[in-house]
Every structure is written in C-alpha cells, then in structure tokens.
Amino acid sequence: MRIGCGNFYYMKRLFLLFFLFTIHLLPASLCAQTRADTIPFTMDEDEMMDQTDSIIFFPSNEIYSGGLYASDLYTSGIYVGWDTTNIHTVKADMKSLNDSVREFALYSDHNCGYVHPFSGRVTSKFGPRKKRYHYGVDIDLETGDSVNVAFDGKVRIAKKSKSYGNVIVVRHDNGLETYYAHLSKINVAVGQEVFAGDVIGLGGNTGRSRGSHLHFEIRYLGHPINPTEIISFDDKKLVSNMLCIDNATFDYVSEAKKAAAKNYASSKGKKVHVVRKGDTLSGLAKRYGTTTKVLCKKNGIKATSTLKLGQKIKL
Ligand SMILES: [Zn+2]
C-alpha cells in the first residue's frame, strides 16, 4: 500500500518549506531542498532544518502542547510537548474530554494508511492479567523478524528500557502514539520521520519478556487505548477509518482499578513480596492496591530507594 507515499513526502516537505519561507526563518535558497537522503544539505541548513523539524514541526504539536506556541514551551533546551527521554508522556486530564468527542481519520489520501506491525498470532490481549494490567497486544514472532511502523509519524523514543527492552515510540499526526517493545534491534533514530510499513526494528526478547514477541501499544495523550478498538488483528486491517475518542475509550481504567483491588484481596494472605527483575515501588503499590508512601513506611525505606533482587517487601 505504499504507492504514492513518496509523493506525499514531497508534498509535506514542500508545505513545510513554504511555511518556513513565509515566516522568514530560512533563506529562499532552502526551497530547493528535498529529502535529506537524496540531496545532501549543507551543514548549516541541515542543522537548522533538524531544529525546526524537531521543535516546531513535531506531529500533533497543538494536542500535546495544550494549544500553546512552541516558543512558549521551549525552555532550557527541552521542549515540553516532545519528550525524547521519558517513554510515557504525562497523562493528560481526560475529564477535559467530557463534553468533547475527538474524532479523526486514520487513513486519508494524504498519508500512507495502515500497515500491520507484524503478521503473527496474538498471544496476549489488552486487559487485566494475573498480576498487572496489560496495556498492549502481544504478537508472536521470531527474533530478527522485521517490525513495521503502523502509521506515518516521527520517532519520539528509540532506546533501551528495563521493562520494554529496546523500544520505539512513534508519534502520529492525529496525536496517537504507537509503541514497539522487546526489539532485538532498533533501526531508527529519535526525530526521524517514518512512513507506514517502514521496517523500524527487528523483533526480539529484550526487557521484561518471556520468549520473543512484539509488545504493541497505542496511546493518546499518555493514556493506553485498546488496540482492538482500532485494528482487527485477525484481518490485519483497521476496524474503521475513523477513530472516536471520548470518555468511554478509557472505561478500562475502572476495570484496571478493580483488578488491582482483586490482587490486593488475594495478596492479603501474602505478607511479603520478593523483589524480582523489573519491580519498582510504584509498580508494587499499584499491583497490591496500596501506595508508595505506605510501602515505604512499612519497610523503612525511601521512595527513591533502589530495590534489590530477592529483597522482601512487607505488604
Ligand atoms: Zn505485552
């Protein structure tokens, strides 16, 4: 489905260049530039383009910056709406969606549409698990299998994490973010523009993972969305072209709380938790339906303490 995607790229780039030209940020000579990998930039212009690309033109600027202009949010070298260090963005207050429904197209003539990340069997769905809520869908694969980016977008995160292993987070123009975790190899860099179907990495078994698989997540303003609301994993296609986000999209939160309460109830007989790989105090608090503060008090530790493997935590 990638026919015409190249043309779209040029259109988008032309629009960007036109915009830059009209706001007199760059000299007119820049308008001759096209894709970086086909026509080399001079050093200065390249740097300038990188900067403007990453600061002003990151996808869905208006959604993540709360309607403020980039210049207001760009302080001390960190752009508030475009965090390239923390995997999860700060969760937005979804109560603000009470009266408004956000509806947008997932596919149009102006983008490359949808490409399934990997055509494998779903081994674990979105929803409550025994111990913790599963915020994504697991797709079976072999280490080294190609993983495709689902939609056009820009890479916000490309790094190694304790739990996700090698993980890539891509932000899309409509504000959605897709996560690709437990990869054996990352093929992209932060700030890189990607197009649906690009091989952004290779599947693997890194981080908190038992057996090679792809952990695939979709989030909006930091909140996970059940991917099956958007994608049919049997057909490997979008369920619908339109996505409607309202409060009901996040109904699972109350389900998650119930699951945490249930875990807490079942853990009542259990007085200690033995620390395992990937455990954090906040994670344990969530799992056992308590707070970090209570756990710290009971165990005489600080919230900033590092947990050791095998350490016994009183519940
Ligand atoms: Zn998973």
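What follows looks at strand β11 (residues 176-183): what pairs with β11, and which core does β11 supply?

A: This is a predicted model, in which local features need pLDDT of at least 70, side-chain atom pairs count only at pLDDT 80 or more, and totals for chains, interfaces and linings use all residues. Residues are numbered from 1 along each chain as its sequence is written.

Start with the whole chain. Its secondary structure comes to seven helices and 21 strands. Helices (H or I, at least four residues) and strands (E, at least two) are DSSP runs, numbered from the N terminus. Of the 315 residues, 27% count as buried. Buried means 20 or more other C-beta atoms within 10 Å of a residue's own; exposed means 12 or fewer, and partly exposed is in between, with C-beta atoms placed from the backbone.

Now β11 itself. Strand β11 is mostly covered, with eight of its eight residues buried.

Take its pairing next. Two strands pair if DSSP finds at least two bridges between them. Strand β10 (residues 165-171) runs antiparallel to β11 and is joined to it by five bridges. Within this pairing, Val 169 stands opposite Tyr 179 in β11. The hairpin of β10 and β11 has four residues between the strands, and Gly 175 takes a positive phi near 100 degrees there. Strand β15 (residues 213-220) is also antiparallel to β11, and six bridges join the two. Here Leu 176 has Tyr 220 in β15 as its bridge partner.

Follow the chain past β15. Leu 221 sits in the loop between β15 and β16 (223-225). Leu 221 has a positive phi of about 50 degrees, although it is not a glycine. Most residues other than glycine have a negative phi. Leu 221 counts as buried because 20 other C-beta atoms lie within 10 Å.

The core comes next. A nonpolar core is a set of buried Ala, Val, Leu, Ile, Met, Phe, Trp, Tyr and Cys residues joined through C-beta atoms within 7 Å. The largest one here has 37 residues, and those with the most contacts inside it are Val 149, Val 167, Ile 168, Tyr 180 and Leu 183. At least two residues of this core come from each of β7 (137-140), β9 (153-161), β10, β11, β15 and β19 (242-245). β11 gives the most, with five residues.

Look at Leu 183. Two residues are in contact if their C-beta atoms, placed from the backbone, lie within 7 Å. Leaving out residues up to four places away in sequence, Leu 183 touches Val 147, Gly 165, Asn 166, Val 167, Ile 168, Gly 201, Leu 202, Gly 203, Gly 204 and Thr 206.

Two bridges pair β12 with strand β14 (residues 199-202) in the antiparallel sense. In that pairing, Gly 201 in β14 is the bridge partner of Ile 186. Gly 201 is also among the residues that Leu 183 touches.

Among contacts between residues at least 6 apart in sequence, 64% join residues at least 24 apart.
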